[in-house]
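I opened this model to look up how its parts are held together, and I keep my notes here in the order in which I looked.

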Amino acid sequence: MELEYIEHISPILKDGIKNYLIDIDGTITDDVPNEEPERMVTCEPYPDALETINRWYDEGHQICFFTSRTENLKQITIDWLDKNGFKYHSVLCGKPRGGNYHWIDNHLVRATRYKGRFTDLVEKQVTIEVFKEDGE
């Protein structure tokens with residue numbers, strides 16, 4: 001991963017490179033709960049997800065699957081990703097279950113809600129919640 005380092009602060013990705021954190025269940029394949037791990041082995045990937053994510057990888061972006069699957073299901077998950085041809089850099093398990101995520105970070109965070117189809121991303125103006133700045 002190509003990072004830029006500035007003295008005494010966290011590294012950042014080079015311009016134009018994104019660090020994609022991608023959910024698995026209900027996003028790149030059927031929504032399979034942790035309580036049904038046998039389905040994790042046989043579910044099929046969404047073709048548009050496979051194509052788009054692999055293209056992003058080939059373009060140099062970082063691909064991290066960030067899932068609510070528990071750590072004991074990590075190898076099943078990695079085997080499934082590999083068997084189905086996904087290109088990625090890492091898999092993180094243990095994302096909190098239940099949705100309604102609000103991520104707070106010292107780095108820029110963007111979110112895209114999956115609604116049934118992977119496509120190229122487009123710019124859109126939306127209202128977001130942010131911290132109040134001094135003087136507001």
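Which residues does Phe86 touch, not counting residues up to four places away in sequence? I find Ile28, Pro45, Ala49, Leu50, Ile53, Asn54, Phe65, Trp80 and Leu81 on the list, where a contact means heavy atoms within 4.5 Å.

Before going further I note that this is a predicted model, in which local features need pLDDT of at least 70 and side-chain atom pairs count only at pLDDT 80 or more, while totals for chains, interfaces and linings use all residues. Residues are numbered from 1 along each chain as its sequence is written, and side-chain values use heavy atoms, with hydrogens and water left out.

**Overall layout**

I looked up the secondary structure and found three helices and five strands, taken as DSSP runs numbered from the N terminus, with helices (H or I) of at least four residues and strands (E) of at least two. Along the sequence they follow the pattern β-β-β-α-α-β-α-β. The C-alpha trace spans about 55 × 30 × 30 Å along its principal axes. Of the contacts with a separation of 6 or more, 67% are between residues 24 or more positions apart. I also noted that 27% of the 136 residues count as buried, where buried means under 20% relative accessible area, exposed means over 50%, and partly exposed lies in between (1.4 Å probe, protein chains only).

**Core**

I then asked which residues have the most contacts inside the largest nonpolar core. This core has 20 residues, and the ones with the most contacts inside it are Ile22, Ile28, Ile53, Ile63, Phe65, Leu81 and Phe86; a nonpolar core here is a set of buried Ala, Val, Leu, Ile, Met, Phe, Trp, Tyr and Cys residues joined through side-chain atoms within 4.5 Å. S3, H2, S4 and H3 each supply at least two residues of this core, and H2 gives the most, with three. As a general remark, nonpolar side chains tend to be buried together in soluble globular proteins.

**Helix H3 and what follows**

In H3 I found Thr77, Trp80 and Leu81 to be the buried residues. They lie on the same side of H3, because they cover an arc of only 100 degrees around the axis, the arc being that of the directions from the helix axis to the C-beta atoms. An α-helix has 3.6 residues a turn, so residues three or four places apart point the same way. What covers the buried residues of H3 includes helix H1 (37–42), strand S4 (62–66) and S5.

Asn84 sits in the loop between helix H3 (74–83) and S5. Is Asn84 buried or exposed? Asn84 counts as buried because its relative accessible area is 15%, and it touches Pro45 and Leu50, not counting residues up to four places away in sequence. I also noted that Gly85, which follows H3, has a positive phi, near 85 degrees.

**Salt bridges**

Side chains of opposite charge can pair when their charged atoms come close. I counted a salt bridge where a side-chain nitrogen of Lys or Arg is within 4 Å of a carboxyl oxygen of Asp or Glu, and by this rule the count comes to eight.

Arg97 and Glu35 meet in one of them, at 2.9 Å from N to O. Arg97 lies in the segment after S5 and Glu35 in the loop between strand S3 (19–22) and H1, so the pair ties together parts that are 62 residues apart in sequence. Glu35 is exposed, with a relative accessible area of 55%.

Arg55 and Asp120 also meet in a salt bridge, at 2.9 Å from N to O. This pair links distant parts of the chain, with Arg55 in helix H2 (residues 47–58) and Asp120 in the segment after S5, 65 residues apart. Arg55 counts as partly exposed at 29% relative accessibility, and Asp120 is partly exposed at 48%.

For Lys74 and Glu71, I found a salt bridge with an N to O distance of 3.9 Å. Lys74 counts as partly exposed at 25% relative accessibility, whereas Glu71 counts as exposed at 52%. Salt bridges that share partners join Arg55, Glu59 and Asp120 into one network.
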